[in-house]
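Hi,

Here is the structure I promised to pass on to you.

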Amino acid sequence: MVLHTLRLATVPLTFTTSRLFLKPSPTLSFFSRHVQPRKPSFLLRAFSNSSAVQDTPLTQTSSDSSAARPPQWKAAIDFKWIRDNKEAVEINIENRNSNADLEAVLELYENMVTLQKEVEGIREERNNVAKKMKGKLEPSERERLVEEGKNLKESLVTLEENLVKLQDELQHVARSIPNMTHPDVPVGGEDSSAIRKEVGSPREFSFPIKDHLQLGKDLDLIDFDSAAEVSGSKFFYLKNEAVLLEMALLNWTLSEVMKKGFTPLTTPEIVRSSIVEKCGFQPRGDNTQVYSIDGTDQCLIGTAEIPVGGIHMDSILLESSLPLKYIAFSHCFRTEAGAAGAATKGLYRVHQFSKAEMFVLCRPEDSESFHNELIQIEEDLFTSLGLHFKTLDMATADLGAPAYRKFDVEAWMPGLGRFGEISSASNCTDYQSRRLGIRFRPSEPLQTGPKKGKANLPPTKFVHTLNATACAVPRMMVCLLENYQQEDGSVVIPEPLRPFMGGIEAIKPKLR
Amino acid sequence: MGLHTLRLATVPLTFSTFTSRLFLKPIPPNTLQTLGQFSRHVQPRKPFLVRAFSASAAVHETPPTQASDSSAARPQWKASIDFKWIRDNKEAVEINIKNRNSNADLGGVIELYENMVNLQKEVEGIREERNNVAKKMKGKLEPSERERLVEEGKSLKESLVTLEEDLVKLQDELQQVARSIPNMTHPDVPIGGEDSSAIRKEVGSPREFTFPIKDHLQLGKDLDLIDFDSASEASGSKFFYLKNEAVLLEMALLNWTLSEVMKKGFTPLTTPEIVRSSIVEKCGFQPRGDNTQVYSIDGTDQCLIGTAEIPVGGIHMDSILLESVLPLKYIAFSHCFRTEAGAAGAATKGLYRVHQFSKAEMFILCRPEDSETFHHELIQIEEDLFTSLGLHFKTLDMATADLGAPAYRKFDIEAWMPGLGRYGEISSASNCTDYQSRRLGIRYRPSEPLQTGSKKGKASLPATKFVHTLNATACAVPRMMVCLLENYQQEDGSVVIPEPLRPFMGGIELIKPKLR
C-alpha cells in the first residue's frame, strides 16, 4: 500500500448465526475455478491509526448496518478453494492476527451449496410438472398438476429468497478473510519484520539540530497555525520554497518513474464508497480513515491506489496489454481517527497530502518480479535523494488484508530522532481484482478439457495488482528538511531536485 | 473569484418581515455598535449578498430555497456589517440591490436594526436603574425600604434577563437577514444583465482552420489524454482521469503560471482543501442548501473548497496586520471541488464543467485605497498569461446583475474555444473590497496616527481598518486545456504545445497520436 501501514481492522462478528437456511447446488464459486494462485481472501484494511496500535478493537456498530442491507457488490471469492485448503487458511488467519471467522464462512458456504442443490431440485421437479401438462390429461389430473406446480413455485420463491440472504451473509463474513501470505514473509508482529536492505548511515551533525516543524517555522515554509483555525488540526499550508519543493518532488518523481515505462495519471479524489471497499479499505464505521461526502455514497480517497484500481473495474483486459503500469498523482485525505502521540508530530501524519503512487496490473505469474521492480524503484529514488533508509519485509501481523507481501521503506528523520515510514510496496495478488472484477484473457488457448467446440477462447483469469508509493510529499519533506539542514539554519536542496525548482540550491532564512 | 461566474444566490426570504417586532425600545451601548465603529474610516462602504459558484452559465438566479429553517440555528460567527452606514445610505443601498438583481431585504434589515438599537437602549436603561438600586442599598435603610429595594432589584434583574435574551435573538436575526445584502458596486460597472457587460480588451482573433476540427473531448480520446468513462464508473459523471501528456501539461501549466506570477512578487502557497464551513460562509459562499455548489464532509462541520480563495482568505482571519506588511500577494495552488448541482446542457460538455479540478489562484490583501490598482494589476497579469499562450480572448467588465455578492467589481476573461464553437470563461478577477474582510475579521493598523478626535491620551494608536481582498484566477487547468487542445490541434490529429510551456514539460513540442 502506501504511506501508512496497513493493519487488521474491524471485522463484524455478528452474522455468524443465521443457520436458518439449509441445503443447495453449485453456481457462485464457478469462475474462480481456473484461477491459478488460488488464494483465499480477505480482511478489511484500514490506513492504520498509529504505528503503535496493532489491532483496532472491534466496533460493534459496523455489524448491524452491514447485516441489514445486502452488499452492493459481490467479491468473486473462491470458496471452494478456501474449503479445500482449510488448514492453510486457518494458519494464515492466525499468523496475520486477523479476526476472520473461517468456521462461519465454511458453514455458510456449505449451507449455501446445500440450498442451491435444493433449489435446483425443485426447479427440475417444476419443469417435469410443466412437461407433463403439455400432454392430454384428465381434468382431475391436470388440476392436481396445477396445484403441485403452484406449491413448487411457492417453495421455490421462499428458498430463492433464503438463498439470496445466505449468499449476502456469506459475502459479508467472507470479505474479512485476508489474502494468503508469501511463504518468505516472516511470521509474527512488527518486530519480526526482516530487513531487506539498508542504505547510507545517519548523518552526523556538528551543531544542535531542529526538527522539520522548527525549520518550517524559521524558514517560513509551513503554516499549521492558520490551518488549524481554517480547517482543523493536522492541516497545513505550504509556503514559499516548500511549494516549489513539493512541485519539484512530484515532477522529478514522475519523470524518473515514467522512464521505467509507467503511464502518468491524475485521478478523481472523490470516488464511490464501493470502490474504496473493493480495494480493501473500510469507508464507514467509527474508526474509519475515510472522509465521506454528506448526502451521497461518495468518499474522498486516502490514496490514488483506489481510483487507479477502479480504472479497469469490471473489464476483461487483453493479455497483450499487460502489464499496465501507472504512476498516479493525487491529493490524499485521511481522517486519522484516533491518531495521537509523538509519532504524529508536524508533517508526519496529516489529513491531506500530495502523493505519487505506482500501480501495476499484471499476469499472476509476473507479480512477484514486479513487486521487486517496485521496491527497487523506490530504493533508487530515495538513494538518489541521499536518504538513509532501510527496507523491511513486513511480518505477517503487519500486513493489511489485501497484501500478499509488503515491503516498507523507513527513512532516518534526525529531527524526530527515529526512522519513519516513507513508502510501502504491496503485492495484492488477486485480492483486489476479485473485488474490482478485473480479468484478462490469456492469448494462448489452454488445453481445454474434453468439452471443446463452442468457445475456443481460453477462460479469463484475475489479474494481479500491486501498489507502491513513489513519493508521499510531506514525509519526504520531513526527511529532506531534517537531513539537509545546515548550521546557519538553511536547508540544502538535493541535486536531482534543483532543475525542477528553478535551480534553487538552498532554502535560506528570509529577512523581513 | 475563480473559474465560474458568480451569481446572486439563494437568499432565504423567510426572516424579512414579521415576528421579532416583539421587542421595542433600548439605549446606545456596545457590541454590534462598536463593530460598526472601526469601519468608520473605511471608504467605499459597501454591504452584501450571498454568492454561489454558478450552476450554469445560463441560469440567472437560483430560486430561493424554502429550507431556510436556519432562522432557528444561531449564526456561528458575526459579520462586522456597518448597519449605521446602511441606514444612512438607504437609497444608494436600495438602488444597488436592485441593480444587482439581489433578493436582499433592505427594509427588513433596517427595521431589525432600529429595533435592536431601541432594545439596546432599553437594556442600558434597566442596567442603570439596577445600579442605582444597588447603590441605594449600600446605605443604612429601613427594613421595609430595604425589602422594597430587594424586590425592585429582583424584578429589574428578571426583566433584564428577558430583554437580553431578546436582544441576542434580535442580533442573530439581524445577522441572518443582513448577510444577504450584496457589496456596493464600482461606479464604472455597467448596470444590467450579462448582455450589458462591457468589453475591456480583446486580444487576437479566432484561428482559421483548413481542416475539420475536433472538440477537446474527441482530441482527448484520440490522443489518450482524458478518460471520462472510467471516472464515471469509479466516481460519477463529470469526473475524469488525465493520462499521458495531459498530466505533464497540467504540471507545466501550473509550474509555468506559478513561476510567472512569482516574478510579480506573489508568495506561493498550497492550501488545505477541507475547511470549516464557517470560512466558506465568511468568503461569501453558501455551503448548505439544495442548490449549494459545496461538498460537505459527513459528520463534521467541514466542506471541500470550491476555490483556493477560501483557504487563502482564511489565513489571516481574525487578525490585525501591520500596514507595512501590506499588500500581501499570494498565488495558491489547490484542487477545487464543486457539486455543480443543476448544471446541464452543452455549456457543461467535457472538461468545461467538472466536479474536481486544479487551479492556481491569486489573492491579495491590501489597503482600501490600493484595491483598485491591484484589481488592474491582477487582470493585467491574467491578460499577459493568456496572451503568452497565444489565446484569443476578451476581457469583460461584468454588469451589475452578473456580480456575486462579495464583488465590488469583476473582470471576466472569455477565451475562444473553436471545438466548442464559442467563447468560454477561463478566469475572473474580483475586487471584494471589505466584504470578505468584515466577515473574516481581517484588519490592519495604519502606521501614521490619524488625527484622533477630542479624546486623546489613553491609546494614541490609530484605529484599525478592514483590509480589502481581491482574488483572480491565474490558471484553471481544465478550461486552459480546452483552449490549448482545441486551438492548437493540427490536421494530423496532433496538438502543438505553446512555447512557454515546453521547458516545463521536458521539452515536448507536440502531443502525437499514440500507436499501439
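Chain B contains 13 helices and 19 strands. Both kinds of element are DSSP runs numbered from the N terminus: a helix is H or I over at least four residues, and a strand is E over at least two. Of the 516 residues in chain B, 59% are buried. Buried stands for under 20% relative accessible area, exposed for over 50%, and partly exposed for anything in between, using a 1.4 Å probe and protein chains only. The accessible surface of chain B is about 20200 Å², and carbon and sulfur atoms account for 52% of that. Those areas come from the Shrake-Rupley method with a 1.4 Å probe, and for residues only the protein chains shown count as cover.

Contacts tell you something about the fold too. If you take the contacts in chain B between residues at least 6 apart in sequence, 81% of them join residues at least 24 apart. A contact here is heavy atoms within 4.5 Å.

Before you go further, some ground rules. This is a predicted model, in which local features need pLDDT of at least 70 and side-chain atom pairs count only at pLDDT 80 or more, while totals for chains, interfaces and linings use all residues. Residues are numbered from 1 along each chain as its sequence is written, chains are lettered from A and ligands numbered from 1 in the order in which they are written, and side-chain values use heavy atoms, with hydrogens and water left out.

How confident is the predictor in chain A? The average pLDDT there is 85, and 83% of the residues score at least 70. Residues 1–44 of chain A have pLDDT below 50, and beyond near neighbours in sequence this stretch has 205 contacts in the model. Residues 48–67 of chain A also stay under 50, with 47 contacts beyond four places in sequence. (pLDDT is the predictor's confidence in each residue, from 0 to 100.)

Now some strand pairing in chain B. Strand 9 and strand 15 (residues 442–445) run parallel and are joined by 4 bridges; two strands pair if DSSP finds at least two bridges between them. In this pairing, L322(B) stands opposite R445(B). Strand 15 of chain B also pairs with strand 16 (residues 465–466), this time antiparallel, over 2 bridges. There, Y444(B) is opposite K465(B).

Next, the backbone. Which peptide bonds are cis? One joins L326(B) and P327(B), with omega about 0°, and P327(B) sits in the loop between strand 9 (319–322) and strand 10 (328–337) of chain B. Another runs from L322(A) to P323(A), with omega near -5°. You'll find P323(A) in the loop between strand 9 (315–318) and strand 10 (324–333) of chain A.

Two residues of chain A have a positive phi without being glycine. N97(A) has a phi of about 60° and lies in the loop between helix 3 (86–95) and helix 4 (102–132). T429(A) has a phi of about 40° and is in the loop between strand 14 (418–427) and helix 12 (431–436). Are they buried or partly exposed? N97(A) is partly exposed, at 34% relative accessibility, whereas T429(A) is buried at 1%.

Leaving out residues up to four places away in sequence, D220(A) touches K239(A), N240(A) and K510(A). Its side chain makes a polar contact with the side chain of K239(A) at 3.2 Å. A polar contact is a pair of N or O atoms within 3.5 Å; within protein, one must be able to donate a hydrogen and the other to accept it, and residues adjacent in sequence count only if both atoms are side-chain atoms. D220(A) and K508(A) are 288 residues apart in sequence, yet 9.8 Å apart in space, C-alpha to C-alpha.

Finally, an unreviewed UniProt entry has a "binding site" annotation covering T303(A), R334(A), E357(A) and N467(A). UniProt positions are given in the numbering used here, feature names are shortened, and annotations may be inferred rather than shown by experiment. T303(A) is buried at 0% relative accessibility, and its side chain reaches the backbone nitrogen of E305(A) at 3.0 Å. R334(A) is buried at 0% too, with a polar atom of its side chain 2.8 Å from the backbone oxygen of G302(A).

Cheers
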